[in-house]
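Me: Please go through the helix packing and the charged pairs of the model below.

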Amino acid sequence: GVLKHGEVTAVTLRGALVLGPPVDSLRQTLENLAAHNDFQIVLGLTEISKLDSSGIGLLVKALQWCKEAGGSVKLVNPARVVLQTLSMCRLLPLFEVFDDEPAAIESFG
């Protein structure tokens, strides 16, 4: 689901974030947000069951797009598989990670 909280958009993901429809669907969502100049994004990753290199690539790309536009992508309570995978790829330090959505939204000030 996608919810607007003022200037911040919260996107909640479920299931596998892997090559194919899941990654294509998230890319489409992010491109739609970018088209509306929504670059302050909070991603809820609690219910992600699987993450592959294309999912990781999209997360990093989304962070780059948003940062270039003066925004950011912040992660909310990522599932263990997400933390482990980002950590293994040494990408975890790129992201701000929050325990809950309100804290992540508030961090945009």
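Me: Which counts for α1 and α2: roughly parallel or roughly antiparallel to each other?

Reply: This is a predicted model, in which local features need pLDDT of at least 70, side-chain atom pairs count only at pLDDT 80 or more, and totals for chains, interfaces and linings use all residues. Residues are numbered from 1 along each chain as its sequence is written, and side-chain values use heavy atoms, with hydrogens and water left out. Helix α1 (residues 21-35) and helix α2 (residues 53-68) pack at about 10°, their axes 10 Å apart. Angles under 35 degrees count as roughly parallel and those over 145 as roughly antiparallel, so α1 and α2 are roughly parallel.

Me: How do the residues of the contact of α1 with α2 divide into nonpolar, polar and charged?

Reply: Contact means heavy atoms within 4.5 Å. On α1 the contact is made by Val 23, Leu 26, Arg 27, Leu 30 and Glu 31, and on α2 by Ser 54, Gly 55, Leu 58, Leu 59, Ala 62 and Trp 65. Ala, Val, Leu, Ile, Met, Phe, Trp, Tyr, Cys and Pro count as nonpolar, Asp, Glu, Lys and Arg as charged, and the others, Gly among them, as polar. The division is seven nonpolar, two polar and two charged.

Me: How many salt bridges does the structure hold?

Reply: Side chains of opposite charge can pair when their charged atoms come close. A salt bridge here is a side-chain nitrogen of Lys or Arg within 4 Å of a carboxyl oxygen of Asp or Glu. The number in the structure is four.

Me: How many residues apart in sequence are the parts that Asp 38 and Lys 4 tie together?

Reply: The side chains of Asp 38 and Lys 4 form a salt bridge, 3.1 Å from N to O. Asp 38 lies in the loop between α1 and β3 (40-51) and Lys 4 in strand β1 (residues 2-5), so the pair joins parts whose separation in sequence is 34 residues.

Me: Is Asp 38 buried or exposed?

Reply: Buried means under 20% relative accessible area, exposed over 50%, and partly exposed in between (1.4 Å probe, protein chains only). Lys 4, at 45%, counts as partly exposed. Asp 38 has 14% relative accessibility, so Asp 38 counts as buried.

Me: What separates Arg 27 and Asp 24 in helix α1?

Reply: Arg 27 and Asp 24 form a salt bridge, with the closest N and O atoms 3.3 Å apart. Arg 27 is partly exposed at 27% relative accessibility, and Asp 24 is partly exposed at 43%. The two are three residues apart in helix α1, so their separation is about one helical turn.

Notes. Axes are lines fitted to C-alpha atoms, for helices over the stretch in contact, and angles run from 0 to 180 degrees between N-to-C directions. Helices (H or I, at least four residues) and strands (E, at least two) are DSSP runs, numbered from the N terminus. Angles under 35 degrees count as roughly parallel, over 145 as roughly antiparallel, 65 to 115 as roughly perpendicular and the rest as oblique.
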